[in-house]
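Colleague: Could you walk me through this model? I'd like to start with a pair of packed helices.

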Amino acid sequence: MSYLLKPKVAHPGLPKNELGLTRRDYEGTMSTLCAGCGHDSITAAITEACWGMSLEPQNLVKLSGIGCSSKTTAYFVSGGHGFNSVHGRMPSIATGAYAANRELQYIGVSGDGDTLSIGLGQFCHAIRRNINMLYMIENNGVYGLTKGQFSASADVGSTAKKGEPNTQKPIDPVLTALSLGATFVARSFSGDKEQLVPLIQAGFKHKGFALIDVLSPCVTFNDHEGSTKSYAFTREHYHEAVHTDFVAPMQEITAKYAEGEVLPVTMHDGSQVHLRKIDHNYNPVDRSAAYAYIQRKLAEHEFLTGLLYVEPTVTDFHDHNGTPAQPLNSVPYEKLSPGSKGLQKILSRYR
Amino acid sequence: MPDRAAQERINDFAIKIATVNGTGSASANTLLMKAIFRMGVPVMGKNYFPSNIQGLPTWYEIRVTKDGYVARSGRIDIIVAMNAETYVRDLKEVSAGGYLIYDSTWPRSALLKRDDITIIGVPLAKLCNENFQGVRARILMKNIAYAGVLAALLDIDMEKLKELLNETYGKKANLVAANLKALELGHNYTREHVSCPLAMHIKPLDKTNGYIMIDGNTAAALGCVYAGATVGAWYPITPSTSLMDGFKSFCDKLRVDPQTGKKNFMIIQAEDELAAIGIVLGAAWNGARAFTPTSGPGISLMNEFLGLAYYAEVPAVIFDVQRVGPSTGMPTRTQQADIMLCAYASHGDTRHVLLFPANPEECFYLTVKAFDLAERLQTPVMVLSDLDIGMNDWMCPDLEWDDSYKPDRGKMLSKEEVLKLDKFFRFVDRDEDGITYRTLPGVHPKASYFTRGSGHTQYGGYTEDSTEYQMVLDRLKRKFGTAARMMPPAIIEQRGPFEVGVVAIGSSDGAVREALDILKARGVGVNYMRIRAFPFGREVSDFFDKHEIVFVVEQNRDAQLRSLLTLETPVEKTKLRSILHYSGLSISSECIVNGIMAEVGEGRSRITGAAS
């Protein structure tokens, strides 16, 4: 076999979640990405987030397109079904899957090439339809598997490994999502697990399309001096605007905040997201103000991170369609067919 | 003037109505056809319309056929010329002894001149201008007025026409009144000025009991409802659009819970065909019966996903309502030119299951079959209809439904079944028929697997190992062999001990059947095989073995069906002779008769045997 299974060693001392499962139960096969790849840190954060919120592993549906990032859906929660589809088309698979069963938890993992070039159209339409899914972009500004071409998220002036500078303007997924009406828009950094884990949990709880754009340096092709997506550059220029704490329903709020510092946002299932403003000029519930501020900061080469915009009470894809609570894939056949009697009535219109 | 006896054709003639697109003539034409149908007389209707909203010429052909033929004969007996722009070509098209009817508000006696046909002028515009107000009403009513003219000339039952107008516009009293008035205007004027009925006319029969008039897209949509499809995704494209329109309209009536008002279906208008097929695959992978209707350009776009569905073994139902290619081609004309595209869609070694309905009746039954096959075989199934079947109203026997039907979900393991296994592996061939077991997301952690279009092992893992890769690819080939044994078999009409055979698919069937009758009358005996599916069953090669020459009738330039037959059966290439028709109009019986006669007619009769 040319993929590696991780040996399951159940250490008796490993902590267990509410389902009695350990973190190991949320892992997948061994990563085949480069050592030090930012994507592996994101995989670890997803694993931690799922374990932490006691997600039933089989209820997680993992979807992806093509590219380094898209491979990672095999590297976490092996108890959930995975679908590694074709390049840039994961949003349509997600749309169909969600249409068929609205009860499961959907996570799509994509990259900057997969989302912003070949898949830009499907990405936009998944936002427009407000598909209830967590959509993560592992954004490194570069095509890894084909050895280092610029992607559509590469910044002007950022250089390739051999020194060639990029001259075309980037497409920013956060600004794109905001302008399309996305209801949960976040940015983070693969090296900041503390920020990433609660963001992922909040994204899962959001009813509708939740985007997390994660800056995730490519150690092999885009981690050199002159790159604006390297570890060094990102660490220096990322700037947390809003810190997010995820509070599950019934969980006691233990964090202490100064008065007026925290904006609690209640999700549809009663869980809460606490948005702690780090940057006092920032307002994460005002779409146009958020847009303007993020854009201004980007021009100054500052990546604002955190839950940058949220609109918690929204109607999603199924609400718009008027589908029942029961998933369409389990509606009994008797309810779907009008039978021979019904057919007689229908045929009378064609005589 | 042609003599009346020569013109005598009762219940056996073709009318062609030439109008301007966007003037509302479609409802008048449907009205005429349905009235004849309700008189118990078999009828065929074909709409030749432009890819245009308003202004270009359009024609509608109504063939009255006491023998119940369903194709074009190739001849036109009556032209209703309502479009001055096409007078010249319309005049030419009438067969000798026929009639041309036109709007004589503006007499064109110099232009419309032929000694071997009868020209009838009715001042329709004048009549409508005198009786209706407003430009739009006058244009619309002119159509109903020519229906009145034809009713008088052909002895179409006025009561049936009125009954139909009442059914159509029943809720809008003023519309009913206006339409009835226009109908009477045309009818009365003609009765007063022309000797009615013509020698060519309609006499009531009782040959339409137990039949309906329905188009293939509507019938396929109904098939989707009965198959239990819940997710439909599409991107609008002529001529497939009315399939999803039909599905929506049926579901709005039949699939909305009366208590809650909730919809047990979802229709998704995708951003393009790439997304449409992606949505179908996502939904079907997740356990819903899902489909997409499209046409050739859509299939071209869907190729990549079709390869994924083949390799990752995801069921899907795709309707290709074929139109004229290549490229945009002629979007409102018919062809059978996507056969090769569909059979081997996508890169790499792929082969797909195809079904070829021949009429709306089969669109219904084969649609249900397509969903069962897709899930049984865990692969895309493409239903290759065409514009002629999809968008024209065909006379079909009443559709029937067996209430004992249960959808065949194929090898799908439940949670309980998975728990009984030591381990679940998605692609292990436990039954040695090439078909493996699948599970749905959400069932149990033990049931999970990873779906991918990259190289995979029979256990579902990623691989670049030659042996592991080939094991899966070889199994897929075995699965296609299993598929060949599950397909609806070809329908073979062994009419005699003849050495000549004809093969056809889909909408060519009606024309072939009529051609065989004509050939028989001329002493040429031919056997017939209509193929209904790909992969081909054994009976297809057996038919070839039993005949010296087999004509392959198809509606494309490059003999695609013949190519597929030579690739996929052991038949010698030279045995198969092509009869090709690719004008964009549906094939006529005349075309087939001429094609066969050219090869096996005079001097070649030794191989035809006696037709008895």
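**Two helices in chain B**

Modeller: In this predicted model, Asn217(B), Thr218(B), Ala220(B), Ala221(B), Leu222(B), Cys224(B) and Val225(B) of α8(B) meet Ser242(B), Leu243(B), Gly246(B), Phe247(B), Phe250(B), Cys251(B) and Leu254(B) of α9(B), where contact means C-beta atoms, placed from the backbone, within 7 Å, and helices are DSSP runs of H or I with at least four residues, strands being E runs of at least two, numbered from the N terminus.

Colleague: How many nonpolar, polar and charged residues are in that contact?

Modeller: The contact of α8(B) with α9(B) has ten nonpolar, four polar and no charged residues, counting Ala, Val, Leu, Ile, Met, Phe, Trp, Tyr, Cys and Pro as nonpolar, Asp, Glu, Lys and Arg as charged, and the others, Gly among them, as polar.

Colleague: At what angle do α8 and α9 of chain B pack?

Modeller: Helix α8 (residues 216-227) and helix α9 (residues 241-254) of chain B pack at about 45°, with their axes 8 Å apart; axes are lines fitted to C-alpha atoms, for helices over the stretch in contact, and angles run from 0 to 180 degrees between N-to-C directions. α8(B) and α9(B) are therefore oblique to each other, since under 35 degrees is roughly parallel, over 145 roughly antiparallel, 65 to 115 roughly perpendicular and the rest oblique.

Colleague: Changing topic, how confident is the prediction for chain B?

Modeller: Chain B averages a pLDDT of 95, with 97% of the residues scoring at least 70; pLDDT is the predictor's confidence in each residue, from 0 to 100. Over residues 605-612 of chain B, however, the pLDDT is below 50, although this stretch has 22 contacts in the model beyond near neighbours in sequence. The model scores ipTM 0.95 and pTM 0.95.

How values were computed:
Residues numbered from 1 in each chain as written. Chains lettered and ligands numbered in written order. Predicted model: local features only at pLDDT ≥ 70, side-chain atom pairs only at ≥ 80, totals over all residues.
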